[in-house]
Structures are given as structure tokens and as C-alpha cells.
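Subject: Structure handover

Hello,

Here is the structure I said I would pass on.

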Amino acid sequence: MNGAADVDVDVDGATGAAALNGVDGLDRSDGVDGLEEAEEAEGLNGLSSTAGYGEAAEELAVQYESVTFAEVHADLLHSYPAPPAAVLDVGAGTGRDAAALAALGHPVVAVEPTAELRAVGERLHTGSGVCWVADALPELPRLSVGAERFDLVLLTAVWMHLAPAERPLAMGALGRLLAPGGRLALTLRHGPVPPGRRMFDVPPEETIALAAAGGLRLLHRTERGDLHGRSGVRWTGLVFG
């Protein structure tokens, strides 16, 4: 991977780097009250899910873009709305999925807090029509104050970066951004955690229960291996509506 030694990434594209704290242009105080205390209580010691992503942005882009949107989402595509549907890609990484959805005729907002990844995405997908935004889970403060609602919200290789205390907040924020009849699609990574990364092996049942508490019903569930053949890594796909 051309100089990407010792970098293990969430390769299904939209990185967990887009998931959490340290959003460029957002003060820490713009996040969740008590988040730092919650992290310490959970033994996280302030480790950010964005650690390592900015420095490795160019190398990560090679890996992200080496698989296609159609390959990553093959088992879920039938659950996505037909174009033109307003799409929000949370944790867009280098924009592979966002650009592919835009090419299908969807208006797409791509959320990615890592400035280096956004810059690479904007360069690789110039002219795609994707609107890039710096924002962060769990509460997506910038998007949440707006009026726009989305027919499809994607979180690909993102949810496993959220700590237990953050996941209910994130599900609430995502549910509020869905348009009536909208779909929420996310993937969960299972398997070994790379050194220096903040990841959680989140049970699908927990995520399904959180969504149900917010009024979202499970529409589709898939299980698959890792597209890059990493030992012990597998993925669950969930679509809610």
C-alpha cells in the first residue's frame, strides 16, 4: 500500500475518522457536555478515533478507493432510495461513496471532520457535486441546527468508533436528520482492533435496540467478510427505516 506500513484502516470507505472528536473548526466545547469524563470512565484516556487518519490520508485514500461503492454496498443497495434522494454520508473519508451516489443523481452531503481526508476527497472527486461539511458524531452540531433532512443517511465503517455513552446520542441525532420515510444504513466492524485505534465490537442487537427506541425499524441485515481479507475481520450491515 505504497508506504502505508503499520496503518490498519476501516477500509469499507467512510472512515471512523469522521465519527468523533477533534473536528476541524469545532471547539471541543461544541461537543457533548461531560464527554471527556465519560471517555475517562470508559478507560479511553482521551484517545480520538481520528488518531492517525490525517497523517496517513494519502495512503488511506489508495486503500479506500481500491474497492468500489458497488462492492462495499452490494448487499444493501436494494434498500437505498432511488435518485434523486437527499443523501447524508457521515464519515465520508475520501468521498468514494459520496461521489458514486452523486453520479447516480443524488444530491449528497459528505461529513468528514479530518481536514486532510476532506482535501483528498475534494481533489479526487472534483466536479462530483458533493457538498463537504466538517462535523462530528455523536451530535453532529452543525447539521443538527439546520433544516435539511435526508432520505438516506449512511455510516460506513463509523459506528464502531463510538463509545457506549455516545451511541444513544448519535442515534438520536441521526434519527432527527432523517426525512419521513428515510433510511439509515450503517456497517459494524467485528474482529481485532488495530493498535492505537479507538474501536468497539458493537453487538448488532444493541444497535437494533437503539434504533427501535428512536422509532426506527430494522429493514435489512447482512453479514460478510472483509473485502481486503484481513484475518478475523467481518462486517454486519443494517438498514433501518
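A crossing of two helices is called right-handed if the near helix is turned clockwise from the far one by less than a right angle, and left-handed if anticlockwise. In this model, which is predicted, helix α7 passes helix α8 in a right-handed crossing. The contact involves Arg 167, Pro 168 and Met 171 from α7, and Glu 206, Thr 207, Leu 210 and Ala 211 from α8. Sorted by class, the residues in this contact are four nonpolar, one polar and two charged.

Two packed helices are described by the angle between their axes and the distance between the axes. For α7 (residues 167-177) and α8 (residues 204-213) the angle is about 50° and the axes are 10 Å apart. Angles of 65 to 115 degrees count as roughly perpendicular and those under 35 as roughly parallel, and α7 and α8 are therefore oblique to each other.

Overall, the protein has eight helices and seven strands. Of its 241 residues, 54% are buried. Among contacts between residues at least 6 apart in sequence, 74% join residues at least 24 apart.

Next, the cores. The largest nonpolar core has 31 residues, and those with the most contacts inside it are Leu 88, Leu 137, Val 153, Leu 155, Trp 159, Leu 174 and Leu 184. Two or more residues of this core come from each of β1 (87-90), β2 (108-111), β4 (150-155), α7, β5 (178-190), α8 and β7 (234-240). Leaving out residues up to four places away in sequence, Val 153 touches Leu 88, Val 90, Leu 174, Leu 178, Arg 183, Leu 184 and Ala 185. A second, separate core has 16 residues, including Leu 76, Val 108, Val 130 and Ala 185.

How many of the eight residues of helix α4 are buried? Six are, so α4 (residues 96-103) is largely enclosed by the rest of the structure. The buried residues are Arg 96, Asp 97, Ala 98, Ala 99, Leu 101 and Ala 102. Gly 105, which follows α4, has a positive phi, near 110°.

Lastly, Ala 147 is found in the loop between α6 (141-144) and β4. Its relative accessibility is 74%, and because exposed means over 50%, Ala 147 counts as exposed. The C-alpha atoms of Ala 147 and Leu 177 are 8.6 Å apart, while the two residues are separated by 30 residues in sequence.

Regards

Definitions and conventions
Residues numbered from 1 in each chain as written. Predicted model: local features only at pLDDT ≥ 70, side-chain atom pairs only at ≥ 80, totals over all residues. Heavy atoms only, no water. Axes fitted to C-alpha atoms, helices over the stretch in contact; angles between N-to-C directions. Helix = DSSP H or I, 4+ residues; strand = E, 2+ residues; numbered from the N terminus. Parallel < 35°, antiparallel > 145°, perpendicular 65-115°, else oblique. Contact = heavy atoms within 4.5 Å. Nonpolar A, V, L, I, M, F, W, Y, C, P; charged D, E, K, R; others polar. Core = buried A, V, L, I, M, F, W, Y, C linked by side-chain atoms within 4.5 Å. Buried < 20%, exposed > 50% of the residue type's maximum accessible area, 1.4 Å probe, protein only.
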